[in-house]
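Subject: Structure for you to look at

Hello,

Please find below the structure I said I would pass on.

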Amino acid sequence: MASTTACTLLESSEQAGYVENRSTIRGQIETQATQGPTYAVLYEQTRDGYELTGRYAISDSGRYVFHVLPGRYVLGAFSDSNDDGHYQASEPAAYVSDEKSRPKTLHVEPGKPHQISTLTVSDPIAVDGPEQAPIDIRGADLNLGRRVALDDPLFDRANARLGFWRPLDHIERRLGGLVRLEEFSPDKTPVLFVHGIEGTARDFQSVITALDHERFQPWVLQYASGLPLDPVSDYLRQALTELQARYGFQEVIIVAHSMGGLITRDLVLDHAAAPARFRIPLVVTINSPLMGLDSAATGVEYSPLVIPAWRDLVPASEFVANLHQRDWPAATRYHLFFSFLPDEPGDGVVPLSSQLSLELQDEADRVLGFRAQHSALLHDPRLVERLHRLLMTQ
């Protein structure tokens, strides 16, 4: 048992090191007289050729960002004119090129971001010789928009723990994504649930069961909670953009627990600052450490294994600071739910000083407190009833 634990910790430490060496490739896409959704696509150069490593649905802002590990990449974009999830040579496209107009290899080094000049997608790219075979981009995110049940293995607690301790394994095994719990209906408003550290969609089971399923449809974000929070927020943003293009929904409500509240806040602030085709009329955060956690700072300073997410949870981190340098949008109602325990500084996990700062209280349309433990609150009948009542006012 001891050797197994030591091996697991070593693997976790190695993965944390890889994640800490991450970088970004970002830029903007302009489209001219194109039809269908536009995607930025990223390929990693391997020994066997090029492997699709990511796609990014382009919103009205035109911006994209890829969070990547060190390596060699090529970047392109295309408008999926027939909306089939494939690129064909007849579709408008562009790629980052070198001085000889060949695809340029981007050498990504640890911690060194790449800012790409604007790519313009307007016409098909000329192809010499036979037309190339169609390229399927759907495999980059197999779970996006997939319908699953709450008893699906995707939400097993073991997978949630894997996502915290070994997030790269979680990603490689495709155990995350923005998924639906029922068939899409244009007459129902999506309610998106965002879990916290080592969480799963099952944490919200009581709340999901109590939804008015004639008016609302539950969606859940399942993610590797050991990751830094920026890539999770960026994934959620582009996933919602892609699903909006697919389904045409006009608004989405978000309910977030614990660390999910920080991811949600980052998303909402970015959403308010850029053109978008859907609204976020209501956000509810539950027991969220929105001012950071001193325990995370202690872990970063003293633990032999530092989980990347901890760095973003440190009260003085750049991520936390950025959350509070921007104003909450007036178009989004904000309800802040918190809890506490007797003889505790908070709910047993998050202190009240982080759940309930004066600044957060000033922002919120409503602040509601419960006497309950951090995770147990999600199954408290009082919270379930209050949340149901709130949603019914929409």
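Which residues of the largest nonpolar core touch the most other members? They are L178, L192, W219, L236, L240, F249 and L262, out of 53 residues in that core. Helix α5 gives the largest share of this core, 6 residues. A second, separate core has 33 residues, including V179, V220, I253 and L390. A nonpolar core here is a set of buried Ala, Val, Leu, Ile, Met, Phe, Trp, Tyr and Cys residues joined through side-chain atoms within 4.5 Å. Buried means under 20% relative accessible area, exposed means over 50%, and partly exposed is in between, with a 1.4 Å probe and protein chains only. Helices (H or I, at least four residues) and strands (E, at least two) are DSSP runs, numbered from the N terminus.

Before the rest, some ground rules. The model is predicted, so to read it note that local features need pLDDT of at least 70 and side-chain atom pairs count only at pLDDT 80 or more, while totals for chains, interfaces and linings use all residues. Residues are numbered from 1 along each chain as its sequence is written, and side-chain values use heavy atoms, with hydrogens and water left out.

The sheets

Two strands pair if DSSP finds at least two bridges between them. In general, strands of a sheet pair through backbone hydrogen bonds, either parallel or antiparallel.

Strand β12 pairs with β14 (residues 216–222) in the antiparallel sense over 4 bridges. Within that pair, V179 has V220 in β14 as its bridge partner. V179 and V220 are also both among the members of the second core.

Strand β2 has two antiparallel pairings to follow. With β3 it forms 8 bridges, and a hairpin of 2 residues joins β2 to β3. Y43 is bridged to L52 in β3. With β5 (residues 71–79), β2 forms 7 bridges; T38 has S79 as its partner there, and V41 has G76.

Strand β5 also runs antiparallel to β8 (residues 106–108), over 3 bridges, with R72 opposite H107. Another 3 bridges join β5 to β7, again antiparallel, and here G76 stands opposite Y95. Because 8 of its 9 residues are buried, β5 is largely enclosed by the rest of the structure.

The largest pocket

How much space lies in the largest pocket? About 1500 Å³. Of the 44 residues lining the pocket, T53, H67, A140, I171 and E172 are the closest to its centre. The elements that each supply at least two lining residues are α1 (2–20), β2 (38–46), β3 (49–57), β4 (63–68), α3 (167–172) and α5 (229–247). By class, the lining has 23 nonpolar, 11 polar and 10 charged residues.

On the terms: on a 1 Å grid over the protein atoms alone, a pocket is an open set of points with protein on both sides within 12 Å along at least five of seven lines, whereas a cavity is a set where a 1.4 Å probe fits but cannot get out; lining residues have an atom within 4 Å of a point. Grid points are joined across faces, edges and corners, and a volume is the space filled by probe spheres set on the points. Ala, Val, Leu, Ile, Met, Phe, Trp, Tyr, Cys and Pro count as nonpolar, Asp, Glu, Lys and Arg as charged, and the others, Gly among them, as polar.

Residues in loops

Most residues other than glycine have a negative phi. R174 is not a glycine, yet has a positive phi of about 55°. R174 sits in the loop between α3 and β12 and is partly exposed, at 44% relative accessibility. N287 also has a positive phi, near 55°. Its loop runs between β16 (282–286) and α7 (294–302), and N287 is buried at 0%.

Regards
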